[in-house]
Amino acid sequence: MQPKYPSLFQVNTRVRMSELTSELKRPATLDDISDQQIDFWGKQGFDLIWFLGVWQTGPAAQRVSASKPEWLEEYKQALPDFKMSDVSGSCFAIRDYRVHDDFGGNKALIRLRQRLSARGLRLILDFVPNHMAPDHPWVTAHPDYFVAGTEELLHQQPQNYCRLGDRIFAYGRDPFFDGWPDTLQLNYGNPALQDAMLGELRKITDLCDGVRCDMAMLVLPEVFQRTWSISAQPFWPQVTTLVHDEHPGFLFVAEVYWDLEWTLQQQGFDYTYDKRLYDRLQGRNVRQIREHLRAELDFQNKLVRFLENHDEPRAAATFSPEIHRAAAIVTYLSPGLRFFHQGQFEGRKVRIPVHLDRGPAEIADQNVANFYAALLECLKDPAFRVGDWQLLECREAWEGNGTSDCFIAYAWSGEDGRRLIVVNYSDHASQCNVKIPWPDLDGKSVRLQDKLSPAIYERDGNDLLSRGLYLDMPALSYHAFSL
């Protein structure tokens with residue numbers, strides 16, 4: 001049974017296949033993901049494994065990926081020894097929802113899923129609702145499934161439209177940016193297209209335990225109308241309801257921005273990205289972080305907490321080591337789905353473009369590895385997986401001492417005990433009194449043992465309840481107390 005607050009690990013399938021190919025001296029498939037690797041994911045405490053980019057892509061998108069000067073420059077920045085053969089094309093330019101031939105096809109994926117399931121791990125795969133590859137069979141068989149352009153639009157917006165044969169198509173697009181020239185935009189104003197995409201999704205549901213839906217908000221009727229001036233019926237409510245009925249426990253995870261997280265949760269998504277917390281941690285505004293964590297728990301419980309993924313810069317490159325550790329404590333000891341990315345535990349700093357099938361060789365940062373090993377061990381604690389969470393008030397340690405505003409603190413409680421998380425998310429020493437929410441500590445001697453350091457403190461329960469837990473903490477330090 002999945003815990004209340006699961007953990008997810010993202011595997012870059014193409015990059016991992018490339019690594020295994022080099023190790024094995026032969027082409028690797030999903031069958032070469034070893035049982036030892038799967039066992040290790042289980043021992044680390046993961047519940048969900050997302051294999052990014054398993055679907056069949058084609059030469060049309062690959063040609064585009066190999067021809068854009070700005071993309072080629074990005075590849076060279078990521079790979080000092082870049083070769084054109086490293087370009088596989090974007091894994092989001094899907095030609096067919098079947099497992100890529102190079103990875104062993106659907107049969108290899110089915111075997112992998114069985115091996116994951118035997119160890120209590122569930123498989124997450126991609127669903128890309130907004131667009132398809134330019135050589136998808138629908139382009140010729142069902143051109144009406146795509147948003148059409150005109151000669152005028154092609155002339156005015158060549159960055160958003162292209163000609164294929166005697167037709168003009170729109171590129172897949174986020175309304176705030178130019179089109180993705182290796183994709184074509186699906187037309188959600190066409191009911192037949194919505195039926196067809198439901199059919200594709202149903203094929204996927206037989207192969208996995210959940211889907212991460214790329215840019216899921218783009219097909220919301222209000223967004224689609226604003227982007228394309230085409231009216232569309234809602235897609236997600238009917239789809240999530242039908243799939244949940246057919247496959248109880250199946251998970252829908254939305255990549256979503258623009259404060260549309262709650263909208264998609266209401267339309268059946270089990271989890272939605274929490275980019276807002278990530279941005280606020282980057283911005284270092286502690287008050288805004290706390291305000292974000294004041295949201296109702298029925299919303300927060302469905303948020304995906306992360307510090308990096310394939311779209312964002314690497315955490316080790318974005319944050320200093322001290323900020324990285326403090327931000328990770330805030331992120332991963334909050335309620336929600338905890339999302340970790342391949343290479344994050346080793347402190348890798350190079351974000352690998354999704355058009356490449358290889359990443360650079362990077363030396364692991366042992367300090368980062370040690371930190372994450374301790375954090376993952378901490379997250380195995382049932383209190384953080386099934387307990388009840390609440391944000392705590394941090395009061396002034398003495399009148400006029402405003403450094404209490406630099407703290408983020410929260411409590412976990414349940415059958416497995418009580419935990420107290422406190423982070424000084426500032427660049428200077430700070431003091432506060434943390435308000436303790438457990439009245440039954442009255443008259444007791446309380447032992448606080450830090451799960452992430454050797455620190456142990458003995459405190460009087462009456463004092464904790466009347467004054468709070470007094471803390472004087474160095475810059476960017478943290479505690480994860482067990483009571």
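The largest pocket in this predicted model has a volume of about 900 Å³. Its lining counts 28 residues. Phe 177, Trp 180, Met 215, Glu 255 and Asp 311 lie nearest the centre of this pocket. Two helices, α4 (69-78) and α12 (275-283), are the elements that give two or more residues to the lining. By class, the lining of the largest pocket holds 14 charged, nine nonpolar and five polar residues.

The second largest pocket has a volume of about 350 Å³. It is lined by 19 residues. Closest to its centre are Ser 88, His 100, Asp 102, Phe 103 and Asp 357. Here the elements that give two or more residues are α1 (13-24) and α3 (59-65). Helix α1 gives the most, with four residues. The lining of the second largest pocket divides into nine polar, six nonpolar and four charged residues.

Next come the cavities. Across the whole structure, a search finds five of 30 Å³ or more. The largest cavity holds about 70 Å³ of space. Around it stand Asn 12, Val 15, His 310, Arg 314, His 341, Gln 342, Arg 348 and Ile 352. Four of these lining residues are polar, two are nonpolar and two are charged.

The second largest cavity has a volume of about 50 Å³. Its lining is made of Leu 8, Trp 50, Ile 124, Arg 212, Val 253, Tyr 273, Val 304, Leu 337 and Phe 339. Eight of the residues in this lining are nonpolar, one is charged and none is polar.

The table sets out the volumes.

| Space | Volume |
|---|---|
| Largest pocket | about 900 Å³ |
| Second largest pocket | about 350 Å³ |
| Largest cavity | about 70 Å³ |
| Second largest cavity | about 50 Å³ |

Now to a pair of helices. Two packed helices are described by the angle between their axes and the distance between the axes. Helix α16 covers residues 321-332, and helix α17 covers residues 366-379. Their axes come within 11 Å. They cross at roughly 20°. Angles under 35 degrees count as roughly parallel, and α16 and α17 are therefore roughly parallel to each other. Their crossing is right-handed.

Which residues meet in this contact? From α16 come His 324, Arg 325, Ala 328, Ile 329 and Tyr 332. They meet Val 368, Phe 371, Tyr 372, Leu 375 and Leu 379 in α17. By class, the contact of α16 with α17 has eight nonpolar residues, one polar and one charged.

Note on methods: Residues are numbered from 1 along each chain as its sequence is written. This is a predicted model: local features need pLDDT of at least 70, side-chain atom pairs count only at pLDDT 80 or more; totals for chains, interfaces and linings use all residues. Side-chain values use heavy atoms; hydrogens and water are left out. Axes are lines fitted to C-alpha atoms, for helices over the stretch in contact, and angles run from 0 to 180 degrees between N-to-C directions. Angles under 35 degrees count as roughly parallel, over 145 as roughly antiparallel, 65 to 115 as roughly perpendicular and the rest as oblique. A crossing is left-handed if the near helix is turned anticlockwise from the far one by less than a right angle, and right-handed if clockwise. Contact means heavy atoms within 4.5 Å. Ala, Val, Leu, Ile, Met, Phe, Trp, Tyr, Cys and Pro count as nonpolar, Asp, Glu, Lys and Arg as charged, and the others, Gly among them, as polar. On a 1 Å grid over the protein atoms alone, a cavity is a set of points where a 1.4 Å probe fits but cannot get out, and a pocket is an open set with protein on both sides within 12 Å along at least five of seven lines; lining residues have an atom within 4 Å of a point. Grid points are joined across faces, edges and corners, and a volume is the space filled by probe spheres set on the points.
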